[in-house]
Amino acid sequence: RAGNVIAADDAHAHESTREFSDVYLKPLGIGSMLDVPFYLNGAMAGVVCCEHIGPARVWREDEKRFTQALGSLVSLAVETEERRRVELALQESRNHYQAVVDNLPVLVCRWKAGQILTYANAEYRNLLAGGEEVVGRIWTEFLPFDEVARVLA
């Protein structure tokens, strides 16, 4: 709960692990536990747990550091996987949006400063540009001259 490493040299007697003695530790022959929390987005997401089968033993400092490093690696792996899932969901959402907008029977476009097109749906490309790609071009070049002022208004 405190987010610290638990080095239970004698897991049956340690205050953080003794409650597991009868139901978990004794049946499996576990004498010592070394637990390190790992985090996802700043909140504890789980614990890397090392267990020694046999009599109680003292965890060495290098074992504690290694387990802490392992906890950090698990955090990075979990965060990377979470980021991958979010990016995949975002891409699916973009694809859905693109499919919906591309099939609208109206002209849809987006442009940035300087009137450079950054997006045009299929209806826009087909009706005004004869189906050719328009992204990166000035959107007004696809309208009749007398229509540009009206559209801008």
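**Briefing: helix α3, surface features and cysteines**

N41 is exposed, with a relative accessible area of 65%, where exposed means over 50%, buried under 20% and partly exposed in between (1.4 Å probe, protein chains only). The model is a predicted one, in which local features need pLDDT of at least 70 and side-chain atom pairs count only at pLDDT 80 or more, while totals for chains, interfaces and linings use all residues. Residues are numbered from 1 along each chain as its sequence is written, and side-chain values use heavy atoms, with hydrogens and water left out.

**Backbone at N41**
- N41 lies in the loop between β2 (30–40) and β3 (43–53), strands being DSSP runs of E with at least two residues and helices runs of H or I with at least four, numbered from the N terminus.
- Although N41 is not a glycine, its phi is positive, at about 55°.

**Helix α3**
- The buried residues of α3 are A122, Y124, R125 and A129.
- Seen down the axis of α3, these buried residues fall within an arc of 170°, so they line one face of the helix; the arc is that of the directions from the helix axis to the C-beta atoms.
- On the other side of α3, N126 and L127 are exposed.
- The cover over the buried residues of α3 includes α2 (61–102), β4 (109–112) and β5 (116–120).
- R125, which belongs to α3 (residues 122–129), is buried at a relative accessible area of 17%.
- Leaving aside neighbours within four places in sequence, R125 is in contact (heavy atoms within 4.5 Å) with D102, A120, G130, G131, E132, E133 and V134.
- Just after α3, G130 takes a positive phi of about 60°.

**Nonpolar surface patch**
- F20, V23, Y24 and L28 make a nonpolar surface patch of about 370 Å², with areas from the Shrake-Rupley method and a 1.4 Å probe.
- Patches are made of residues with over 30% relative accessible area and no salt bridge, nonpolar side chains (Val, Leu, Ile, Met, Phe, Trp, Tyr) being joined within 5 Å and like charges within 9 Å; a salt bridge is a side-chain nitrogen of Lys or Arg within 4 Å of a carboxyl oxygen of Asp or Glu.
- L28, found in helix α1 (residues 21–28), is partly exposed, with a relative accessible area of 46%.

**Cysteines**
- A search of the whole structure finds zero disulfides (pairs of cysteine sulfur atoms within 2.5 Å).
- C49 is in no disulfide, and the nearest cysteine sulfur, that of C50, is 6.8 Å away.
- C49 counts as partly exposed at 35% relative accessibility, and C109 is partly exposed at 24%.
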